[in-house]
Amino acid sequence: MDRKARMKDLAGSRVALAVAAVALAAGAWGVATLAGPDGVPRQDIAQEQGTSADGSGGDGAKGGDGGTQQGSGIPDGIAHASESGGNAVNITIDDGPDPNWTPKVLDVLKRHGVKATFCMIGPQAKAHPDLVKRVVAEGHRLCDHTVDHDTSMDKKPVAYQEKEILDAKKMIEDAAGGAKVMYYRAPGGSFTPDSRRIAAANGMRPLGWNVDSKDFNKPGTGAIVDTVKKELHLGPTILFHDGGGDRQQTVEALDQVLTWLKAQGRPTGYPVQTTP
């Protein structure tokens with residue numbers, strides 16, 4: 001083989017190795033499957049990848065509360081602070097309601113006398129109105145987490161974003177029997193200026209997070225608890241999940257975290273809705 005042929009062959013080998021490396025990296029990050037109420041799986045990035053650590057997405061509002069006041073009186077800035085102020089902590093629960101795990105999460109919250117914010121997926125709420133009503137009856141707040149939990153919706157047309165948000169809002173409020181949805185959390189933090197505006201104009205404060213407990217990936221109860229303890233200095237809003245699979249570790253970790261918060265003198269509350 002002459003020198004030119006050898007160089008061409010070597011270049012081809014390098015390209016093949018690069019492609020293989022990319023595929024291996026994608027597998028290492030992992031893609032989880034989150035099943036809808038009809039049993040049809042939908043893709044969800046396991047660690048909310050491609051978003052900021054505080055759930056603010058990439059629309060220029062990272063980490064910021066406030067925003068523009070809409071006609072509804074609700075700011076379109078992404079909320080992180082607690083209405084209770086001081087050193088209060090906001091417990092937020094995503095991806096339900098789930099008939100197996102939401103009741104267990106509610107039991108833990110009730111045992112500790114803690115109120116939380118439940119970010120619900122529209123079809124899940126429609127399929128389990130009894131759980132939505134129980135969430136409301138026990139004093140928790142409702143949050144819109146869209147219809148399809150599409151973590152790439154920030155790259156979709158505005159009309160698509162609006163339908164995802166408003167259709168889910170209607171499903172949740174219908175299931176709740178009249179209670180209002182007070183917040184909107186974009187899947188994976190995929191907020192856009194338009195989605196924030198749409199949510200706020202319809203009475204829902206965009207809601208981020210400061211601490212991702214990493215419970216979605218089921219790293220072990222102890223690891224979930226340790227993550228919360230190590231990252232709570234980042235801010236008051238903690239993200240847990242009651243949907244998307246087996247949440248036994250979440251239930252156990254939530255119980256331990258709430259015990260620890262009480263020992264630390266950290267009260268719990270709701271995220272701000274109307275204040276900047």
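Where is R247 found? R247 lies in the loop between β9 (237–241) and α8 (248–263). This is a predicted model, in which local features need pLDDT of at least 70, side-chain atom pairs count only at pLDDT 80 or more, and totals for chains, interfaces and linings use all residues. Residues are numbered from 1 along each chain as its sequence is written, and side-chain values use heavy atoms, with hydrogens and water left out.

**View 1. The chain as a whole.** The secondary structure comes to eight helices and ten strands. Helices (H or I, at least four residues) and strands (E, at least two) are DSSP runs, numbered from the N terminus. Of the 276 residues, 49% count as buried (under 20% relative accessible area, 1.4 Å probe, protein chains only).

View 2. R247 is buried yet has no salt bridge (a side-chain nitrogen of Lys or Arg within 4 Å of a carboxyl oxygen of Asp or Glu). D215, the nearest side chain of opposite charge, is 5.1 Å away. Leaving out residues up to four places away in sequence, R247 touches W101, D215, F216, K218, H241 and D242 (heavy atoms within 4.5 Å).

**View 3. Helix α2 against helix α4.** α2 (residues 102–112) and α4 (residues 129–137) pack at an angle of about 10°, their axes 11 Å apart. That makes α2 roughly parallel to α4 (angles under 35 degrees). Axes are lines fitted to C-alpha atoms over the stretch in contact, and angles run from 0 to 180 degrees between N-to-C directions. From α2, T102, P103, L106 and D107 meet L131, R134 and V135 of α4.

Conventions
Angles under 35 degrees count as roughly parallel, over 145 as roughly antiparallel, 65 to 115 as roughly perpendicular and the rest as oblique. Buried means under 20% relative accessible area, exposed over 50%, partly exposed in between (1.4 Å probe, protein chains only). Lys and Arg count as positive and Asp and Glu as negative; His and the chain ends are not counted.
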